[in-house]
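Reader: Can you walk me through this one? I'd like to start with the ligand.

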Amino acid sequence: NSGQKQIGVCLVGLGNYSSTVLAPALQITKHCKLTGIVTGSPWKIPKWQKRYSIPDQNVYSYDTMHEIANNPEIDVIYIVVPTGLHAKYAIRAANAGKHVWCEKPMAKTEVECLSIIEACKKNKVKLTIGYRMQHELNTKTIIGWAKTKPYGNIKTLRAEIGYNVGNPARTWRLDSELGGGTMYDLGVYALNASRYTTGEEPISVSAKQMTTRPDIFTETDETTHFTLTFPSGAIAFGKTSVGKSMHELYVDCENGWYTLAPFSMYAGVQGKASDGTLLNIPVRNQQALQMDDDALSILNNTPVMVPGEEGMKDIRIVEAIYKAAKTDTEIKL
Ligand code: NDP
């Protein structure tokens with residue numbers, strides 16, 4: 001029984017998502033408490049220590065984070081660094097004997113994903129991927145519909161996520177070595193939605209990539225379109241871009257339709273179905289919900305909702321999408 005017990009969470013990488021979203025969310029979680037930080041930027045430390053009352057002995061660098069093994073105040077190490085570094089630090093976290101939460105996209109390659117899964121198995125710690133949508137309540141309704149099929153079988157779906165980013169900052173998101181790329185960063189939401197909406201695994205993929213700004217997107221994709229075919233015959237059309245704003249999941253079934261728009265933003269996920277059913281359950285804070293769900297699976301020793309295998313399935317398909325676009329061929333999965 002979880003009671004009121006809280007697990008101690010250590011954030012690794014104090015960038016935008018950690019500082020503006022996860023740390024504030026950890027102030028309202030019921031079952032988690034922010035107890036530690038790992039950073040490579042010493043100037044960030046005093047502000048974090050003061051704001052979140054983090055004692056000196058719970059502050060680490062990437063080089064000392066293995067010492068978390070000896071810290072009873074930390075139960076979970078949450079990896080929030082650039083995607084290309086997830087595997088390196090997630091494995092380090094697992095080897096410290098702590099449970100691992102790893103941000104999406106899980107890693108750059110299927111091989112890296114597997115190495116994270118194996119490190120967690122070896123160290124007998126839980127691993128979960130930060131797919132917050134799978135914890136969001138309206139999304140959970142349509143995940144349930146994949147089984148109950150209230151509008152009949154799915155014929156096609158569109159999953160589109162994009163932001164019109166005027167002048168993208170020269171950060172790791174434009175650096176393919178560090179795991180940049182719009183398909184990795186945003187496209188996984190459309191891909192994951194295609195899989196959770198159908199409840200199926202795709203059998204083939206084709207894709208196209210393009211850019212309006214070849215001077216900026218020299219090594220990563222600005223826009224990716226992909227088409228997935230599923231065993232049932234359902235087809236998913238995915239789009240992702242940092243040149244165009246779009247935020248819709250639209251599902252066309254034999255006997256009706258349903259939609260979530262937006263389907264992947266931090267707040268305001270909502271939608272409706274062709275018979276007037278509204279998908280409008282309010283969610284106060286997605287990340288708090290996600291972290292509390294994941295904390296309860298630790299406290300109660302129950303399976304996590306989004307295991308590493310789920311993140312790895314997407315990355316295998318992401319790799320196929322890049323390959324399909326490059327070779328202009330349909331790839332069997
Ligand atoms: P930022 O660039 O804002 O922050 C990344 C942080 O990682 C840096 O501030 C730094 O922290 C640390 N870092 C360690 N090594 C490097 C390096 N070589 N180059 C750059 N940074 C480094 O990224 P975000 O916070 O936006 O994203 C981090 C992760 O979170 C990504 O995997 C991203 O996909 C995921 N994310 C998930 C979201 C979601 O909704 N689930 C939303 C946004 C991001 P320090 O200085 O403390 O060492």
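This is a predicted model: local features need pLDDT of at least 70, side-chain atom pairs count only at pLDDT 80 or more; totals for chains, interfaces and linings use all residues.

Reader: Which residues come nearest to the ligand?

Author: Thr39, Ser41, Lys44, Tyr62 and Arg132, out of 26 residues around the ligand. A residue counts as near if one of its heavy atoms lies within 4 Å.

Reader: What does lysine 44 do there, in distance terms?

Author: An N or O atom in the side chain of lysine 44 is 2.6 Å from a ligand oxygen. That is a polar contact (a pair of N or O atoms within 3.5 Å). Tryptophan 172 also has a side-chain N or O atom 2.8 Å from an oxygen of the ligand. With asparagine 16, a polar backbone atom is 2.8 Å from a ligand oxygen.

Reader: How much of the ligand does the protein bury?

Author: 81% of the 900 Å² that the ligand exposes when taken alone. Those areas use the Shrake-Rupley method with a 1.4 Å probe.

Reader: Which elements give two or more residues to the shell?

Author: Helix H1 (16–25) and helix H6 (182–198). Helices are DSSP runs of H or I with at least four residues, and strands are E runs with at least two.

Reader: And the domains?

Author: The shell draws at least three residues from each of domain 1 (7–131 + 288–302) and domain 2 (137–282 + 314–332). Those bounds come from an automatic or database domain assignment.

Reader: New topic. Where are the cis peptide bonds?

Author: One runs from lysine 104 to proline 105, with omega near -20 degrees. Proline 105 is in the loop between strand E5 (99–102) and helix H4 (110–122). Another links alanine 261 to proline 262, with omega near 0 degrees. Proline 262 falls in the loop between strands E12 (256–260) and E13 (271–273).

Reader: What about serine 53's phi?

Author: Serine 53 is not a glycine, yet its phi is positive, about 50 degrees. Most residues other than glycine have a negative phi. Serine 53 lies between helix H2 (45–52) and strand E3 (59–60), in the loop.

Methods: Residues are numbered from 1 along each chain as its sequence is written. Side-chain values use heavy atoms; hydrogens and water are left out. A polar contact is a pair of N or O atoms within 3.5 Å; within protein, one must be able to donate a hydrogen and the other to accept it, and residues adjacent in sequence count only if both atoms are side-chain atoms.
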